[in-house]
Amino acid sequence: NSVWVSTDHDEIEKVAKQFGAQVHRRSPEVSQDSSTSLEAIREFLNHHHEVDIVGNIQATSPCLHPSDLIKVADLIQKEGFDSVFSVVRRHQFRWSEVKKGENKMTEPQNLNPAKRYRRQDWPGELYENGSFYFAKRHLIEKGYLQGGKMAYYEMRAEHSVDIDIDIDWPIAEQRVLSFGYFGKEPLKEVKLLVCSIDGCLTNGRIYVTEDQKEMVSYDYRDLVGINLLKKRGIQVRLISERDCSKTLSAMQLGCVAKLSATNKLQVLEDWQKDIGLSWKEVAYLGNEESDVECLKKAGMSGVPADACAVAQKAAGYICKSNGGCGAIREFAEHIFLLLEKVNSARKQ
């Protein structure tokens, strides 16, 4: 029913309001380094008697997706649970700790070494990941975030990142870049994909024969990806800084292409205006510094795994595949995931 940010910081309050949240100014008593989330929540409830259920979202878990929160809210509001918390499945074998100076051996905790199985064949165990805790008011007033009729909600591993120490920051950033984050702007259906030829459609290598003929390689999976996009009504256009007309002709892709493009952003803007699309409806796949401005402008942007560092930083999605090795096919799947989100939002 409402989204609140509890803080004692002016800048955090400003940003929270920019994104449409309401702000509860936290008192100094619950703003100490030793203060707990539960203390802050109980203070909030003392000022908001209209609130019956609290969903406490941890700021240290940036990969949490709204769809998870909607499902959890339903568990409490429609299925009668008093509290729901997030977990993630892990496949780790545990052993008892042997402290220095103790004269004993370690013991297996969740496996039988005599019948050791492959971890991928093992269902694993559920661990709290700290992403969120939902609970009814009466539990929180008693000092609990978990209790009563309890349920856990299992999150996908790629969405489960908890920032505790400095090394967790780059991991969280890469997860967001790899699996995408959709902010406050409404989702729109992608209608045009523009793809850089060299380094995306191909692996960027040029083979020269003894008679000075150039050859490049491409992955058949990428051609399948292009055809799937077309079948879904998405235009696919290609762009290159060099003249590779013979290569394109040999591939027989049937895509509009702009070659010898000295200003890729200008080409992208011209196409966007000619077709009559908003930037949210344009996707771009690039890999070089010359693609950076296009990656920033497009509503959906991606790069192959071996793209240069500045391109990776500007992109919203980093493929697991390298350029010329299935990156277009992979990015197409990412676009299809967005379309599912759009269709789901329309139904709701």
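Modeller: Let me start with a term we will need: a nonpolar core is a set of buried Ala, Val, Leu, Ile, Met, Phe, Trp, Tyr and Cys residues joined through side-chain atoms within 4.5 Å. Please keep in mind that this is a predicted model.

Biologist: Happy to. Which residues touch the most other members of the largest nonpolar core?

Modeller: That core has 31 residues, and L201, L229, L238, L253, F331 and I335 touch the most other members. Among the elements giving two or more residues to this core are β7 (192–196), α7 (220–231) and β10 (235–239). The most comes from α12, with 8 residues.

Biologist: What does L229 touch, not counting residues up to four places away in sequence?

Modeller: L229 touches L193, I234, V236, A332, I335 and F336. There is also a second, separate core of 20 residues, which includes I239, A298, V303 and A307.

Biologist: On to the rings. Why is the pair of F93 and W122 called tilted?

Modeller: The search of the whole structure finds 7 aromatic pairs. In the pair of F93 and W122, the ring centres are 5.2 Å apart and the planes are at 35°. Centres within 6.5 Å make a pair, and planes under 30 degrees apart would be stacked while those over 60 would be edge-to-face.

Biologist: What parts does the pair of F93 and W122 tie together?

Modeller: Both F93 and W122 lie in the loop between β4 (83–90) and β5 (125–136), so the pair ties together parts that are 29 residues apart in sequence. Y117 joins in as well: Y117 and W122 form a tilted pair, 6.3 Å centre to centre with 35° between the planes. F93, Y117 and W122 form one aromatic cluster.

Biologist: How do you know whether W122 and Y117 are buried or partly exposed?

Modeller: Buried means under 20% relative accessible area, and exposed means over 50%. W122 has 10% relative accessibility, so W122 counts as buried. Y117 has 35%, so Y117 is partly exposed.

Biologist: And why does E281 count as buried?

Modeller: Because its relative accessibility is 13%, and the cut-off is under 20%. E281 lies in the loop between α9 (264–275) and β12 (282–285). Leaving aside neighbours within four places in sequence, E281 is in contact with K188, E189, V190, K191 and L192.

Biologist: Last one: what makes K149 count as a charge over the ring of F81?

Modeller: K149 lies over the face of F81, at 4.7 Å from the ring centre, and the distance cut-off is within 6 Å. Likewise, R90 lies over the face of Y127, at 5.3 Å from the ring centre.

How values were computed
Residues are numbered from 1 along each chain as its sequence is written. This is a predicted model: local features need pLDDT of at least 70, side-chain atom pairs count only at pLDDT 80 or more; totals for chains, interfaces and linings use all residues. Side-chain values use heavy atoms; hydrogens and water are left out. Helices (H or I, at least four residues) and strands (E, at least two) are DSSP runs, numbered from the N terminus. Buried means under 20% relative accessible area, exposed over 50%, partly exposed in between (1.4 Å probe, protein chains only). Contact means heavy atoms within 4.5 Å. Rings of Phe, Tyr and Trp (its six-membered ring) pair if their centres lie within 6.5 Å; planes under 30 degrees apart count as stacked, over 60 as edge-to-face and the rest as tilted. A charge sits over a ring if NZ of Lys or CZ of Arg is within 6 Å of the ring centre and within 35 degrees of the ring normal.
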